[in-house]
Amino acid sequence: MASHAKVYTLDEVSTHNSSEDCWLVIHGKVYDVTKFLQDHPGGDEVLLLATGKDATLDFEDVGHSTSAKASMDEYYVGEIDTATIPKEVLDTPTKQPNHTKQPNHNPGKTSDFIVNILRVLVPLLILGYAIGVRYYSKSA
Ligand code: HEM
């Protein structure tokens with residue numbers, strides 16, 4: 001795949017930065033996610049914000065599932081010429097744990113927080129309900 005792949009510069013990829021035409025650079029590969037924008041569980045906005053740069057860190061920070069990673073093949077259009085990515089935004093998270101964070105990034109944090117609260121609250125509510133029903137049926 002990679003040997004015949006078209007190699008794009010970051011400038012070329014950056015022209016595809018709208019909801020009608022949206023390309024992303026993740027792990028050295030270029031993805032045309034235009035058709036996926038509306039279906040992306042994280043929303044189209046984060047994807048549009050991730051255009052025109054190396055979005056690897058943004059992608060990894062979310063902790064995408066294995067199935068999400070597998071589905072990326074569907075949108076693959078080529079490779080990025082890494083020499084065209086400015087050093088400060090070139091993401092190499094696995095090799096460089098102390099990398100500089102890209103600005104404008106924090107897409108998953110609020111929803112993570114809500115999910116974590118729900119993870120505690122929902123079982124508590126169910127438990128409370130079960131105890132309530134038991135207590136009520138005993139006393140009735
Ligand atoms: C081709 C690229 C991408 C694909 C195929 C993809 C796919 C997915 C899928 C399937 C999910 C559901 C959760 C999961 O299975 O992990 C998801 C969630 C999400 N994605 Fe992506 N994604 C892509 C790129 C990105 C990028 C570049 C960002 C950030 C800029 C992003 C941000 C998010 C966020 C914030 C969520 C929601 C997480 C949550 O609420 O817990 N995604 N994505």
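**Entry 1: burial**

I count a residue as buried if 20 or more other C-beta atoms lie within 10 Å of its own. With that in hand I opened this model, which is a predicted one. Of the chain's 140 residues, 17% come out as buried.

Among contacts with a separation of 6 or more, 72% join residues 24 or more positions apart.

**Entry 2: the elements**

I listed the helices and strands next. There are five helices and five strands in the chain. Reading from the N terminus, I wrote the order down as β-α-β-β-β-α-α-α-β-α.

**Entry 3: the sheet**

A reminder to myself: strands of a sheet pair through backbone hydrogen bonds, either parallel or antiparallel.

I went through two of the pairs by hand. β2 and β3 run antiparallel and are joined by two bridges. They make a hairpin with two residues between them, and S18 has D21 in β3 as its bridge partner.

β3 and β4 also run antiparallel, here with four bridges. On this pair I noted that I26 has K29 of β4 as its bridge partner, while W23 stands opposite D32 in β4.

**Entry 4: the turn at H27**

Which residue takes a positive phi in the hairpin of β3 and β4? It is H27, with phi near 50 degrees, and this hairpin has two residues between its strands. H27 sits in the loop between β3 and β4.

Buried would take 20 or more, and exposed 12 or fewer.

**Entry 5: the nonpolar core**

I looked up the largest nonpolar core and found 16 residues in it. V13, L24, V25 and V30 have the most contacts inside this core. At least two of its residues come from each of α1 (10–14), β3 (21–26) and β4 (29–32). Which element gives the most to this core? That is β3, with five residues.

The burial of β3 was worth a look too: five of its six residues are buried, which leaves the strand mostly covered.

Setting aside neighbours within four places in sequence, I found V13 in contact with Y8, W23, V25, V30 and I80. Of these partners, V25 and V30 are also among the residues with the most contacts inside the core.

**Entry 6: around the ligand**

Last, I turned to the ligand. How many residues surround the ligand? I get 23, and the closest are P41, G42, D58, S65 and A68.

I sorted the shell by residue type and got 14 nonpolar, eight polar and one charged. Three helices each supply at least two residues of this shell: α2 (44–49), α3 (56–62) and α4 (66–71). I also noted that D58, one of the closest residues, falls within the range of α3 (56–62), and A68, also one of the closest, within that of α4 (66–71).

Conventions
Residues numbered from 1 in each chain as written. Predicted model: local features only at pLDDT ≥ 70, side-chain atom pairs only at ≥ 80, totals over all residues. Near = placed C-beta within 6 Å. Nonpolar A, V, L, I, M, F, W, Y, C, P; charged D, E, K, R; others polar. Contact = placed C-beta atoms within 7 Å. Core = buried A, V, L, I, M, F, W, Y, C linked by C-beta atoms within 7 Å. Pairing = 2+ DSSP bridges.
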